[in-house]
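This report describes part of a structure, taking a sheet, the helices beside it and the domain division in turn.

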Amino acid sequence: MPVESALSSDGKNLTISISGRFDFEIVQEFRNAYAEHKNVNYIIDMRATEHMDSSALGMLLNMRKSLGDSAKISIINCRPQIKKILTISRFDKKFSLE
Amino acid sequence: MKILVVDDTEANRKLLTWILEDDGHSVVEAKDGRQAVELFKQSDIDLVLMDVMMPVMDGFEATQAIKEYLGDRHVPIIFLTALSDDASLAKCLSIGGDDFLSKPINEQVLQAKIKAHSRIKDLNEQLNRQNRQLTRLNHLTQREHEIAKTVFDNALAASRLDCGNIRQYISPAATFNGDLLLVSVSPSGGLYALLADFTGHGLPAAIGAIPMSQTFFDATQQGASVSSIARALNKVLTKFLPDYMFAAAAIAELSADGKRLSLWMGGMPEAILTDNQGRLKERIQSTHMPLGILQDDEFERNPHIVEVDQGDRVYLYTDGIPEAQDGNGELYGETRLIRHFTGTTPDPFTTLIDDVTTFSSGKGQIDDITLLELTCKPVQVSAGDAEPGTPPALVPWQLNVRLTPQQLRSGSPVPQLIDMLGTSPHVERHKDYLHTILAELFANALEHGVLGLSSELKRSEEGYLDYYQQREQRLRSLDDGYVNIALALSCDHTRTCIKMRVDDSGQGFDFSQHRPPGDDDAFGRGISLLQTLCARVEYSNGGTRVNVEYLLD
């Protein structure tokens with residue numbers, strides 16, 4: 001599965017892991033992964049994400065819009081090239097990048 | 001049985017010979033001690049009946065000579081004696097005799113004693129045989145252990161990482177370890193550590209270590225999460241190992257910035273988290289079963305995630321520490337262990353090992369002991385292998401592709417094209433960026449060009465989905481149109497670059513109107529991204545052609 005989501009044992013953290021390519025192919029799955037859970041910390045784990053394109057950036061921004069500005073969304077474990085794409089798109093303003 | 005009868009009185013010898021031969025034994029006769037020793041060496045004697053008082057050499061002296069000659073082998077010697085004082089009888093046994101019979105000889109007692117000693121002799125021979133076999137097996141086992149150790153060491157070789165975040169202590173109880181400690185780096189610069197304790201030591205552990213280390217390194221190279229690694233390891237161990245063999249394990253991952261620690265623990269003693277002074281912050285319990293027990297569909301993956309502060313330390317150890325025993329068989333236990341983490345000792349790693357070693361010095365170590373200290377700070381790894389030398393000079397090339405509707409429908413050509421760029425080290429480390437650039441160019445050409453989709457759709461979340469649904473529909477019914485892609489590597493004295501040109505059959509767009517997207521816009525980021533990554537981005541032919549240049553340094 002390119003998108004996997006797991007709720008931590010205390011129910012506070014939702015980790016969404018994306019493996020392989022993060023692009024429009026997974027638009028629906030990605031949306032489902034966060035839409036089902038409210039009021040949790042959202043952690044997007046990109047450790048296994050090999051590539052992302054601008055449609056993925058759009059999907060992340062849609063997530064931010066849909067959950068509201070107060071939702072805590074972290075993007076973690078990015079490979080250097082992905083981090084660069086997120087940084088040059090100034091995603092650090094909207095998400096916490098680790 | 002072949003029996004040596006030693007007596008200086010011929011009548012006595014004849015009487016004994018007669019009785020013994022009657023019972024089916026064969027008899028060799030000697031008339032004094034010296035002759036007895038000679039005859040014993042010449043023939044294969046099973047039992048000796050020895051008189052004590054004889055000329056030339058008495059029975060005591062002859063017995064000592066025979067026993068000395070025998071070495072480890074056992075042939076019973078029974079004294080025949082008219083002496084009846086305790087001291088003489090005791091002497092018979094103390095110099096190496098096995099039994100004595102009082103003269104005059106009672107026939108029934110003689111027969112019973114011969115039978116008893118024959119049994120002892122048989123047992124003794126059996127024991128010797130088994131001893132020899134054991135020795136042989138022991139040599140064999142030692143050899144196999146050496147082989148297994150080599151295999152085990154090779155399996156671990158990839159783990160010899162010089163890392164400033166980790167200190168480790170490994171002390172095997174057997175020839176080599178049932179404990180396995182592997183360390184690896186993730187593609188995002190994080191650090192993985194795996195500590196596993198197999199049921200059993202030595203060979204069984206080595207057998208398990210091979211699939212385990214392979215799986216671990218495969219998974220960590222892909223940047224898998226601790227729970228995915230745990231799952232993969234569980235799967236492979238369940239498949240490879242017999243049911244009664246499994247491995248308790250702790251898998252830790254420290255993010256590259258050293259701020260986030262993920263732990264998956266199954267069947268291990270609790271992990272200890274301290275601050276930078278070695279003061280206890282949290283005891284982290286194992287919440288899972290050891291690896292290699294549950295089937296894949298029963299497997300639980302929930303990891304324990306801790307936000308750590310700079311300088312925090314995590315201690316992982318195998319049960320060899322709490323279960324270490326002192327001379328009286330008392331266990332070291334968790335109370336003694338936890339005492340090292342009160343902040344009174346700045347270096348619990350060293351004091352704990354010293355204390356356990358001292359504690360168990362009376363008893364000797366009975367289990368493998370492994371202790372791992374992981375310091376939470378930005379991951380520092382010095383690469384083990386030196387960078388390869390100067391790569392060979394590049395040859396310029398060009399590649400042209402024309403994609404028809406049928407090919408456009410069959411999925412993105414980008415991964416294949418990127419693979420074609422080759423594996424030269426010049427290009428290799430840029431492939432991820434090149435992938436992003438080409439994917440962006442191709443998506444624009446296909447979606448906005450050939451399919452004529454408008455980004456305006458992407459303004460809302462529903463529109464975003466709608467956009468991609470329309471993309472599917474239009475692509476399915478596409479009869480006409482193309483995307484041409486030209487890739488080239490160009491090199492001259494000053495620079496080496498990858499040039500990409502993409503043409504599409506669409507209507508084009510007014511590229512002079514392009515402006516950077518706002519922070520909230522879910523679209524229009526592609527061109528900005530290209531402009532940041534590439535040295536040059538140029539639209540022409542009314543927006544149906546784009547040329548970009550990417551510098552390889």
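Which strands of chain B does helix 13 (residues 431-450) lie across, and at about what angle does it run to strand 20? In this predicted model, helix 13 of chain B lies across strands 18, 19, 20, 21 and 22 of chain B, and its direction is at about 15° to strand 20.

These strands form an open sheet of five strands in chain B, in the order 18-19-20-22-21, with antiparallel pairing. Strands 18 and 21 of chain B stand at the edges; each has a single partner strand, so one side of each lacks a neighbour in the sheet. From one strand to the next, the twist averages 10°. Within the sheet, strands 20 and 22 of chain B pair in the antiparallel sense over eight bridges. B:M500 has B:V548, in strand 22 of chain B, as its bridge partner.

| Strand of chain B | Residues |
|---|---|
| Strand 18 | 397-403 |
| Strand 19 | 483-491 |
| Strand 20 | 496-504 |
| Strand 21 | 536-540 |
| Strand 22 | 545-552 |

Helix 15 (residues 525-533) of chain B is largely enclosed by the rest of the structure, because seven of its nine residues are buried. Among them are B:I527, B:L529, B:L530 and B:L533. The cover over the buried residues of helix 15 includes helix 13, strand 21 and strand 22 of chain B, together with helix 2 (54-67) and helix 3 (80-88) of chain A.

Chain B is divided into domain 1 (2-127), domain 2 (158-382) and domain 3 (397-552). Between the C-alpha centres of domain 1 and domain 3 of chain B, the distance is 105 Å.

Terms used: Residues numbered from 1 in each chain as written. Chains lettered and ligands numbered in written order. Predicted model: local features only at pLDDT ≥ 70, side-chain atom pairs only at ≥ 80, totals over all residues. Heavy atoms only, no water. Pairing = 2+ DSSP bridges. Helix = DSSP H or I, 4+ residues; strand = E, 2+ residues; numbered from the N terminus. Axes fitted to C-alpha atoms, helices over the stretch in contact; angles between N-to-C directions. Contact = heavy atoms within 4.5 Å. Domains from an automatic or database assignment. Buried < 20%, exposed > 50% of the residue type's maximum accessible area, 1.4 Å probe, protein only.
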